[in-house]
Amino acid sequence: RGLALLPVELLATGDVLAVAVTVAAALRQTAVAARAQIAELATLLATLDPPATLAAKLHRAIDRDGTNGEVGLADAASPTLASLRDRVRRARTALRQAAERLLRRPALADAFGDAYVTEREGRVVVPVRASAFSSSGAPGTLSGIIHDSSSSGQTLFVEPHALVDDNNALRSAIAAARAEEQRIIAELSAEIGEHGERIAGCASALVRLDAVMRGC
């Protein structure tokens, strides 16, 4: 009560409601055909009252195969989230491209331990030979913010000054997207809470229906 649910919990709730909506529609059709001959249907229908609008919202908002295969929010959860995630993708691409251009600069060819782009502390960095790092940015050397070093100390993982603005833009975009994700999760959680009794009733009715179908 009053807490935000995990995406996997939102998914589970959405799955229950999706089944309840489908079963309720099927039971209504059967009840009309059988009329009062099957009293059990009337009892089930009385407790099977799923909030269809919430079911549709959860189906649209949850991605069961999200990032790294984990349940998360889909871009369709809100237009704002879709826009912010696109901003994150564009910022990440721009940052990577800027870092790769830096690696290809002939004047810095001997400064890099290896020509690749990586991350430290959520910032894009490049590997720089310790002997080629300088705070003054002398010719053939690179200056910037040191975030890490290799075990031997021969390689420094540096965020060049030229990448600071792009790194900041990416971090800002990620923070905005995460804030929107939390807002959506809180909103969905609150709505589930408002319909808590109906959802619990649906779950109980589905269990009872399963028992009836199995002849228990």
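How far apart are Glu180 and Arg183 in helix 5? They sit 3 residues apart in helix 5 (residues 161-194), so about one helical turn separates them. This is a predicted model, where local features need pLDDT of at least 70, side-chain atom pairs count only at pLDDT 80 or more, and totals for chains, interfaces and linings use all residues. Residues are numbered from 1 along each chain as its sequence is written, and side-chain values use heavy atoms, with hydrogens and water left out.

**Terms and total**
- Searching the whole structure turns up 12 salt bridges, meaning a side-chain nitrogen of Lys or Arg within 4 Å of a carboxyl oxygen of Asp or Glu.
- Helices (H or I, at least four residues) and strands (E, at least two) are DSSP runs, numbered from the N terminus.
- Buried is under 20% relative accessible area, exposed is over 50%, and partly exposed is in between (1.4 Å probe, protein chains only).

**Within helix 5**
- Glu180 and Arg183 meet through their side chains in a salt bridge (2.9 Å, N to O).
- Glu180 is buried at 8% relative accessibility, while Arg183 is partly exposed at 38%.
- Shared partners also join salt bridges into one network of Asp75, Arg85, Arg89 and Glu181.

**Arg85 and Asp75**
- Arg85 pairs with Asp75 in a salt bridge, with the closest N and O atoms 2.8 Å apart.
- Arg85 is in helix 4 (residues 79-103) and Asp75 is in the loop between strand 2 (72-73) and helix 4, so the pair ties together parts 10 residues apart in sequence.
- Arg85 is buried at 16% relative accessibility, and Asp75 is partly exposed at 30%.
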